[in-house]
Amino acid sequence: MLCLEALELYRSIAEAFDGLLHEIAQELVAKFAQPFESLKQRYEKEKRDAAQLDFDDLLYKARDLLRDKPKVREALASRYRYVLVDEYQDTDPLQAEILFRLCGEGEGSQPWEEWRLRPGQLFIVGDPKQSIFRFRFADINTYLRARQAIERQFPGNRLEIVANFRSVPVILDHV
């Protein structure tokens, strides 16, 4: 009994610690990013002057189309009836919004988590313990928000994979 209580306490502390590290990292990034704001503005102007888009621009344009143009959203949703996303834990909030708007239904101004997904259209695979792309704005909160939104709409529709095919038994036994 005490072992289970200790395990639960450990998990609670580990979760709080992860949250604290996340908040510290965000504050540090914000603090160190401020001096680069003028460089970013210059870069944006150069792109505009040259009529060029980068990867982030494409994401914003895609999101804006799906959010603001129902006809475009409907056409794309009928064209891409099934969407599979692997490594979902590395999805950033903008990408998550694009997926939910492509695979769901709702009002343009609604937060993406409130969009009603069409059954079977979106399939995601992810492991929050493997989230590594914070430098690309992926964060565990986006993963959790999406998972919670899906679980609210489709309770009991989550499969947990417990088998590990990447490690040998000796390592797994130790861990």
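Me: Which residues touch the most other members of the largest nonpolar core?

Reply: In this predicted model, the largest nonpolar core has 21 residues, and V83, Y88, F100, L117 and L122 touch the most other members. Two or more residues each come from α3, β1 (83-85), α5 (93-103) and α6 (140-153). The largest share comes from α5, with seven residues.

Me: What does L122 touch, leaving out residues up to four places away in sequence?

Reply: L122 touches V83, V85, L99, F100, C103 and L117. To count as a contact, heavy atoms have to lie within 4.5 Å.

Me: Why is α3 called roughly perpendicular to α4?

Reply: Helix α3 (residues 55-68) and helix α4 (residues 70-79) pack at an angle of about 105°, and their axes are 5 Å apart. The label covers angles from 65 to 115 degrees, so α3 is roughly perpendicular to α4. On the α3 side the contact is made by L65, L66, R67 and D68, and on the α4 side by P70, V72, R73 and L76. These residues divide into five nonpolar, no polar and three charged.

Me: What makes α3 and α5 roughly parallel?

Reply: The angle between α3 and α5 is about 30°, with the axes 9 Å apart. Roughly parallel is used for angles under 35 degrees, so the label applies to α3 and α5. Their crossing is left-handed.

Me: Which residues bring α3 and α5 together?

Reply: From α3 they are F55, L59, Y60, A62, R63, L66 and R67, and from α5 they are L94, Q95, E97, I98, R101 and L102. The residues of this contact divide into eight nonpolar, one polar and four charged.

Me: How do you know whether R63 is buried or exposed?

Reply: The relative accessibility of R63 is 14%. Buried means under 20%, so R63 counts as buried. R63 is in helix α3. Apart from neighbours within four places in sequence, R63 is in contact with L94, E97 and I98.

Me: Why are α5 and α6 given the label roughly parallel?

Reply: Their axes come within 9 Å and cross at roughly 20°. The limit for the label is under 35 degrees, and α5 and α6 are therefore roughly parallel to each other. The crossing of α5 past α6 is right-handed. P93, A96 and F100 in α5 meet T142, A146, A149 and I150 in α6. This contact divides into six nonpolar residues, one polar and no charged.

Me: What makes I150 count as buried?

Reply: I150, in helix α6, has a relative accessible area of 18%. The cut-off for buried is under 20%, so I150 is buried. Not counting residues up to four places away in sequence, I150 touches F100, L117 and I124. The C-alpha atoms of I150 and W115 are separated by 9.9 Å, and these two residues are 35 places apart along the chain.

Me: Why does the phi of A51 call for a remark?

Reply: Most residues other than glycine have a negative phi. A51 is not a glycine, yet its phi is positive, about 55°. A51 is found in the loop between α2 (37-50) and α3. Its relative accessibility is 71%. Exposed means over 50%, so A51 counts as exposed.

Me: What can be said of E87 in the same way, for its phi and for its accessibility?

Reply: E87 is a residue other than glycine, and its phi is positive, near 60°. The loop that holds E87 is between β1 and α5. The relative accessibility of E87 is 35%. That value lies between the 20% and 50% limits, so E87 counts as partly exposed.

Technical notes:
Residues are numbered from 1 along each chain as its sequence is written. This is a predicted model: local features need pLDDT of at least 70, side-chain atom pairs count only at pLDDT 80 or more; totals for chains, interfaces and linings use all residues. Side-chain values use heavy atoms; hydrogens and water are left out. Axes are lines fitted to C-alpha atoms, for helices over the stretch in contact, and angles run from 0 to 180 degrees between N-to-C directions. Helices (H or I, at least four residues) and strands (E, at least two) are DSSP runs, numbered from the N terminus. Angles under 35 degrees count as roughly parallel, over 145 as roughly antiparallel, 65 to 115 as roughly perpendicular and the rest as oblique. Ala, Val, Leu, Ile, Met, Phe, Trp, Tyr, Cys and Pro count as nonpolar, Asp, Glu, Lys and Arg as charged, and the others, Gly among them, as polar. A nonpolar core is a set of buried Ala, Val, Leu, Ile, Met, Phe, Trp, Tyr and Cys residues joined through side-chain atoms within 4.5 Å. Buried means under 20% relative accessible area, exposed over 50%, partly exposed in between (1.4 Å probe, protein chains only). A crossing is left-handed if the near helix is turned anticlockwise from the far one by less than a right angle, and right-handed if clockwise.
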